[in-house]
Protein chains: 2
Amino acid sequence: MLFMHVLITNDDGISAPGITALGQALRKIGKVSVVAPDREQSATGHAITIHRPLRTRRVVIDGIDQALAVDGTPADCVKLAILAELIAKPDIVISGINRGANLGTDLLYSGTVSAAIEAAMLGLPAIAISLADFRTIDYEGAAEFACHLASIWSTHNLPPDTLLNVNWPKNPPSKVLVTTLGSRRYTNHFDKRQDPNGRDYYWMCNSVETDTTPHTDVWAIDQGFASVTPIHFDLTNYRLVSQVSTWPISLP
Amino acid sequence: MLFMHVLITNDDGISAPGITALGQALRKIGKVSVVAPDREQSATGHAITIHRPLRTRRVVIDGIDQALAVDGTPADCVKLAILAELIAKPDIVISGINRGANLGTDLLYSGTVSAAIEAAMLGLPAIAISLADFRTIDYEGAAEFACHLASIWSTHNLPPDTLLNVNWPKNPPSKVLVTTLGSRRYTNHFDKRQDPNGRDYYWMCNSVETDTTPHTDVWAIDQGFASVTPIHFDLTNYRLVSQVSTWPISLP
């Protein structure tokens with residue numbers, strides 16, 4: 001029987017139910033440590049804390065060997081856990097289970113995914129996992145799947161810094177698809193209001209345009225499948241490198 | 001003579017000298033609007049503000065037609081400026097001039113670059129521009145180069161959401177190179193200290209391992225050249241999609 005050390009983090013905060021669910025599933029295959037933000041950190045993207053120090057606080061979570069709350073972002077938690085050696089080096093880092101989808105261009109804003117990217121940047125295998133439907137509170141299926149992925153990981157010859165982004169559908173899926181990221185364009189608008197003193201303020205409002213291109217993550221979830229997308233963090237647009245090289249780019 | 005409407009933003013805050021320098025250079029080719037954070041927002045990554053509303057405040061900056069400070073992140077500023085129509089639709093968005101490099105994997109943490117990515121996601125041409133050396137305070141060369149790039153942009157047939165990341169070297173460069181992102185690995189560590197009450201806290205400390213692979217942005221700056229890297233925001237690792245598809249990925 002495989003025995004691993006798994007680090008769990010998230011962006012919903014250390015008391016979120018996704019952590020407990022992951023812990024319960026993962027303790028079957030190993031030791032589980034949690035290092036997670038002390039409060040909700042949704043939409044923090046890949047923010048890190050450089051202008052103030054970080055503090056940790058030990059917390060007790062049923063079934064978890066060791067749990068620390070950090071007053072920072074999800075990416076801070078992973079950096080601090082690994083580099084300050086708050087815990088022994090994990091075999092894999094799992095971020096989630098996030099309540100709400102992390103699909104397509106969501107990934108750029110997602111604290112859940114950024115924590116997993118941070119782990120991959122530190123050379124560790126990483127999984128980000130999210131419930132694609134806000135109304136679902138059944139974390140168990142997603143947690144079991146994360147456990148399955150973690151346990152088959154070591155028998156497959158993947159680069160050490162591989163990162164998989166998982167979205168779990170509302171109802172138990174008939175299939176798990178390996179997908180590419182779809183474009184999930186937020187047609188944001190802002191709701192302009194006035195406070196009692198007559199000053200304007202703006203609330204960000206979202207509506208989402210779903211991409212129906214087959215084999216994207218957005219499409220897979222729309223079809224009721226689970227979605228697994230391999231993620232990288234090289235933002236070079238190679239296709240444009242040669243094109244831009246032909247510009248009169250130097251100063252005249 | 002070209003006449004454009006340019007939106008300037010940054011992550012150093014609206015009173016940073018990089019904004020004034022860009023404004024002075026760009027007013028030669030068009031109307032300049034500034035919508036920028038009301039305070040420093042470095043290392044905020046692509047964070048956006050979803051749990052509270054945003055407020056704006058009109059400020060006066062010499063030579064700028066219209067300037068608004070926002071109590072949010074760089075990405076918030078771009079979203080709000082465009083979607084709440086605080087300003088007329090710009091022809092191009094320029095984020096910077098950041099004091100300090102944004103090279104290689106820095107881009108994931110960078111508020112400067114995230115603002116430009118947000119503009120590209122909204123379908124606008126965008127430039128992120130940074131002084132690669134903290135000690136340099138000569139913003140003028142970088143500002144002139146941003147102005148040059150903006151003015152040749154429209155005559156080149158680029159996708160509407162193209163984003164260029166510029167780093168400007170310490171001394172006036174002999175050449176501008178089109179580069180790929182290098183790996184600039186932060187060998188972070190944490191300095192553990194105790195407060196007067198005996199409680200631990202952790203400061204993040206950085207040292208950087210420079211990548212010497214030719215034609216990367218890190219290498220170009222190291223050689224004293226200016227660097228221009230085309231950026232995309234598709235995080236799919238296409239190379240691994242077929243590989244992971246061969247796993248026994250479905251639940252047993």
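Helices (H or I, at least four residues) and strands (E, at least two) are DSSP runs, numbered from the N terminus. By that rule, chain A has 6 helices and 13 strands. This is a predicted model, in which local features need pLDDT of at least 70, side-chain atom pairs count only at pLDDT 80 or more, and totals for chains, interfaces and linings use all residues. Residues are numbered from 1 along each chain as its sequence is written, and chains are lettered from A and ligands numbered from 1 in the order in which they are written.

Consider chain A as a whole. The C-alpha trace of chain A spans about 60 × 55 × 45 Å along its principal axes. For 252 residues, a compact globule would have a radius of gyration near 18 Å, and the 19 Å of chain A agrees with this. That radius is taken over C-alpha atoms, and the globule rule is 2.2 Å times the number of residues to the power 0.38. In chain A, 53% of the 252 residues count as buried. A residue is buried if 20 or more other C-beta atoms lie within 10 Å of its own, exposed if 12 or fewer, and partly exposed in between, with C-beta atoms placed from the backbone.

Chain A holds an open sheet of 9 strands with mixed pairing, in the order S3-S4-S2-S1-S5-S6-S7-S13-S8. Strands S3 (56–58) and S8 (176–178) of chain A stand at the edges with a single partner strand each, so one side of each is left without a neighbour in the sheet. Two strands pair if DSSP finds at least two bridges between them. Inside the sheet, strand S2 (residues 30–37) and strand S4 (residues 66–70) of chain A run parallel and are joined by 5 bridges. A:Ala36 has A:Ala69 in S4(A) as its bridge partner.

Helix H2 (residues 74–83) of chain A lies across strands S1 (4–9), S2, S4 and S5 (92–99) of chain A, at about 130° to S2(A). Axes here are lines fitted to C-alpha atoms, for helices over the stretch in contact, and angles run from 0 to 180 degrees between N-to-C directions.

In chain B, helix H3 (residues 111–121) has 11 of its 11 residues buried, so it is largely enclosed by the rest of the structure. The cover over the buried residues of H3(B) includes strand S1 (4–9), helix H2 (74–83), strand S5 (92–99), strand S6 (126–131) and strand S7 (163–168) of chain B. Just after H3(B), B:Gly123 takes a positive phi of about 85°.

Next comes the meeting of the two chains. The contact takes 64 residues from chain A and 63 residues from chain B. Two residues are in contact if their C-beta atoms, placed from the backbone, lie within 7 Å. On the side of chain A that touches chain B, H6(A) gives the most, with 5 residues.

B:Asn188 lies in the loop between strand S9 (185–186) and strand S10 (189–194) of chain B. Leaving aside neighbours within four places in sequence, B:Asn188 is in contact with A:Lys79, A:Leu83, B:Met204, B:Cys205 and B:Asn206. B:Asn188 is partly exposed, with 17 other C-beta atoms within 10 Å.
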